[in-house]
Amino acid sequence: MEERNSTEKTPCNNALAQRRSKSYRQSMRSCVEATHLAYTSGLLTALRIPRSRKAPKSRDITKQVDPDQVALLVKKEWQLSYVTPFYQFRHTQLKSYSKQLSAFIVSEKQQGLAIEVGQELGFKVNFSVVLGLAETDKDAETVFIQILSKQAFAAKDDAQKVVWSGWLTCVNGDLDYLRSLPLEFVSLPLFCTRGPESLTVLVKSWFEKTFDCCFGPLGINSTNLQWLASLWTGCHPTINIQYLKLVWTLPTLPPMDVTYTVHPQDAWELWDSMRQVDTTEDSISIDEVTGFIKGLQSHFFRHFRIDLSAGSLMQISTALGSSHHSGKIKIASPNYIPTILQLLTECALLKMPI
Amino acid sequence: MAKASNLTRTDLDSSFESYLSVSSRTSNRSLRVAEKERRKSQTGDPFVLALKYFSEVEAGTPCSGNDVLERNLVLVERVGLSRGLPPEAISVMLDYAMSLRMGGVMCVRVLKFLIPATVVPQEAVVRAVSWLCVGKIAISTQVLFLRWVLTVFDMIDSKDHLRAIYGFIFSFVTEESLSPYICHLLYLLTRRESVRPFRVRKLLDLQTKMGRQPFLLLLLSLYKVFYPELVTLALPSRMRSGFKNHNSTWKVALSAVQKRNNGQVSSDISLTLGLKDKTNSRKRKFHHLELPSLSSSIQSNSSSRSRKVFPLEQLHSFPQLLDNLHCIELPSQMGSLLGSSLALCYLDYVQDDSAFLRLNFWLGHALHEEFLFCSGDGGSGSSSEALHFLNRLLSTQHFLQEGFSSTEGFLYKFLNVWDGSLLRPQILGLLSDIPVVPSSCISQLLFEPLMQLFFTSTLFFKCSVIDCLNSMLLKWLTWHSVYALEDGLDISLNSHTPMNMTLSGFMDSVMELVRFVGRLATVGLQLEGCHSLLLSFILDFYETVCDMFLKYGLPLVVMPPVGVFYPALFATDPVSVDRLGYIMYRYKKNLTSAKCQQQETKQAFHISRQTYQEFNHYLLFMVSCLWNSKMFLPGMAIEVDQELLALSKVPEPWTSFDLIHHPAFLGCALDFHHKCWPERKDIDLNSIKAGKQWDWYPEFLFSQGFQGLQQFVQSSINRRSAAGINGQRGSQPTNR
């Protein structure tokens, strides 16, 4: 007792510390980071919400990634979810995952029928790795999943029809967060799906049972839609965005939807005028983004006497892609995939419970 | 088999005798002696003779018109149905029946009265199964036999030999009318090593042939438990209940026999597959609050196939847990552990970081989705599932005596959006479980949101917040005292403390918490007009605080603020004043022993001079106010201008809070006055102050149950026996 009183202990950062200390250490983390917390209702998280981003640079992604695989990702609308880190997920085991998932789907579809794993079934599942999308060495490689259905009476050489596809990805994920995860965990926080809801539910349920993870819906809030609008507009000099379309919903009775389409050149000029505030070319700050949107809104107000800032931004689209409040995204051009995915990865990581 | 038929008479005799003596151990000794006498006098027990007959009878002996057979059979039957048959008799009769030495009819008849008294020898069953392989027995009789085995399964003395012939038993599964029973038997016998790919395939073939039969599915689902990578299936909810009982033939007789034999062995075969109790509530679109069911994971299975593992699904009792502690496998979804206290025992035992992390991910996700993201079906408040979930979480945390870090992280966020009424008891309960928060961020994470809620809510909320903070402090102090002790034993293990925190860091946090409650209490008492309920909760808190040094070994003493001390001292209910007395008494004890220790060891932990001064100040005031009837004097804590006092026209205002005139004790004083001078009509309380009465009056108060006051008076006031009316200030710890 007396000895303890005199000596001041140094905090122990030993990675092999006991579990009891561990549970404390994690709370430490949330405390430390909480100092950057933006306490807004709804979106609360221990991770930092970025206030500036790098300007998107057009980059031919097909140089790093197999063009066929890129073709699978672009020009389709994906529904977004977030998922907590996978326990003991191995990129080397994809083949066996394919077998297990297909057996699982069949057994769930036919309640009360036991299925041998690895048997030929009505469904075929393909897991594949999309190499090259990861930006840092902490990012896990993207995993692409396809479910093909076999027609019962189809000819043998008939191509199987893709009934569902989805992919799990992590691009430029928060390094501190990824580093804090133990080795047994793989974080692929962003899950994009396309296909019948019933299959999505089954795939999620299989992942939850197999890798002890949890899925939740991922919406894209107004701020992030504004980010996307600005990022895409900023691309206009390199790729013609053709139009900038924004959809607001105003809280009137009944609710009023306002679709606001801007000529690409006008949008770019407005954006460029905002950009001059900043001297560094590389980064875009949140102030520039809000300034840009405010500019659009005040222009609208001048003409129609409707203040759009009273409503909420629901959807934006350009020729480069579109994005909806409810968590739908479509990327039309492969050149800006990493920028968009980085933003979405951030959104997904902000949803992590720990 | 040969051995069984070679049973000699003496064999049977002696063993049966021992059986009898066992069964009648509880009965009257003289009765037993008498029975022995009677049996000795007989040439041989007819029952034993009957058994001998059945063990020796030649195959092919005719049974119709065979009086000897009939007599012996009736005898054994009667014993079987009334008392149950001893193990040897079971063995003999089963062999006799299954060998069909006298045909199928006899076999059925024997099987029907084969009620075991104690246990069934497993060799008998193994032999009977081998007779089954001969293939002469009628199918219906085979079914009867299997049903009998299933009924008495729990009474079979050991099962390892039966497991050794798993393959033989499995081969019967293709027999259509047998397979329901065979599957059930296999289900009871299956171990991890008995699950083989070819068996899985066989069962799946059967499934294609016979359709979705529950018995096949139940067996396959057990196979899935052991080897999820071999077979997968979704069990329909109607099938969750398990196998049917097949004990109808023997049920009545068996239970009668068991009741007679004190029912030591239970044969009630009830199997349940689904550990999960399905809530009957409406289907929710998102079921993040539903506990996942226990199931073994594919992952670790494939990696450790050679190692012996014990899936948690198979765990049903604590002894089982102890036996398999080294090879228990965690389930595929850690969330499922929350439902089972056995599993939680195990979780507490393995200090597995990633297991805890998985659990925290699941838990945090559920809490976030339900209460923060609200992506479920609209409002979360009304749902009883949320209530159920939080209660379960609370009981889990209490079981583990530790809060989960995901709960903690969730609470910090939730406090900012909480309305203070949604699931209040649960939320505050969870809040009191959080581990020590570093003093650098305690204010932002905890105090600011709590303060807002506190000042804008009802009296009862204020009380429950103080109560919550009190139990939080208690838990922190308990952790400290437990782990500080461990550290003292082994210094190298000092990363083992719950908070990984320096002592000074811990003290800072505790100090912050105590001061925060002081502020809350001060303003809360003002807002609520010194409500005695609130005051009572606040005094609860200070009862914890005043004993931190002596009870929990924390070298820290914090005095209550004036905003708590004076309202308690001037409270109108005697209970509060009494408790304040107790608290002051404990403060004094703590401070004096801290001072002693400091002087003895020269080890400098500093309870600051200011703390001593504060204490002395309070003590001085309390003694002079309660005992010496001195108040409002210059130099005291409360100074009031004499002229102002005169304006109030209260006679002798300085006496208004002494033990006699204090509003809290006025009733007692009147009572005492009445007892002293029952005949006096005009009441003069001041007369209590004189003479013997002043000595008696405190005693009278103490006898009314004011123990705290008693301890305070005895420790801080030197009463001069009779002479002095005014007590003297007692010895006080000073810092000089």
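Over the ring of which residue does the charged end of A:K351 sit? In this predicted model, the charged end of A:K351 is placed over the ring of B:F373, at 3.8 Å from the centre of that ring.

## Charges over rings

## Aromatic pairs and a cluster

A search of the whole structure, taken over all chains, finds 53 aromatic pairs.

Elsewhere in chain A, one aromatic cluster is formed by A:F86, A:F89, A:Y97, A:F127, A:W164, A:F191, A:W206, A:F207, A:F211 and A:F215.

## An enclosed helix in chain B

Helix α6 (residues 87-98) of chain B consists of twelve residues and reaches 16 Å from its first C-alpha to its last, which is close to the 16 Å expected at 1.5 Å a residue. Because eleven of these twelve residues are buried, α6(B) is largely enclosed by the rest of the structure. The buried residues include B:P87, B:I90, B:V92, B:L94, B:D95, B:Y96 and B:M98. After α6(B) comes B:L100, which has a positive phi near 55 degrees.

## An exposed loop residue

B:S64 is located in the loop between α4 (46-56) and α5 (67-82) of chain B, and it counts as exposed because its relative accessibility is 65%. Between B:S64 and B:D671 there are 607 residues of separation in sequence and 101 Å in space, taken from C-alpha to C-alpha.

## Packing of two helices

Two packed helices are described by the angle between their axes and by the distance between those axes. For helix α29 (residues 574-601) and helix α30 (residues 609-626), both of chain B, the angle is about 140 degrees and the axes are 11 Å apart. Their crossing is left-handed. On the α29(B) side the contact involves residues including B:L580, B:G581, B:M584, B:Y587 and B:L591, while α30(B) contributes B:T611, B:Y612, B:F615, B:Y618, B:L619 and B:M622.

Notes: Residues are numbered from 1 along each chain as its sequence is written. Chains are lettered from A and ligands numbered from 1 in the order in which they are written. This is a predicted model: local features need pLDDT of at least 70, side-chain atom pairs count only at pLDDT 80 or more; totals for chains, interfaces and linings use all residues. Side-chain values use heavy atoms; hydrogens and water are left out. Rings of Phe, Tyr and Trp (its six-membered ring) pair if their centres lie within 6.5 Å; planes under 30 degrees apart count as stacked, over 60 as edge-to-face and the rest as tilted. A charge sits over a ring if NZ of Lys or CZ of Arg is within 6 Å of the ring centre and within 35 degrees of the ring normal. Helices (H or I, at least four residues) and strands (E, at least two) are DSSP runs, numbered from the N terminus. Buried means under 20% relative accessible area, exposed over 50%, partly exposed in between (1.4 Å probe, protein chains only). The expected span of a helix is 1.5 Å times one less than its number of residues. Axes are lines fitted to C-alpha atoms, for helices over the stretch in contact, and angles run from 0 to 180 degrees between N-to-C directions. A crossing is left-handed if the near helix is turned anticlockwise from the far one by less than a right angle, and right-handed if clockwise. Contact means heavy atoms within 4.5 Å.
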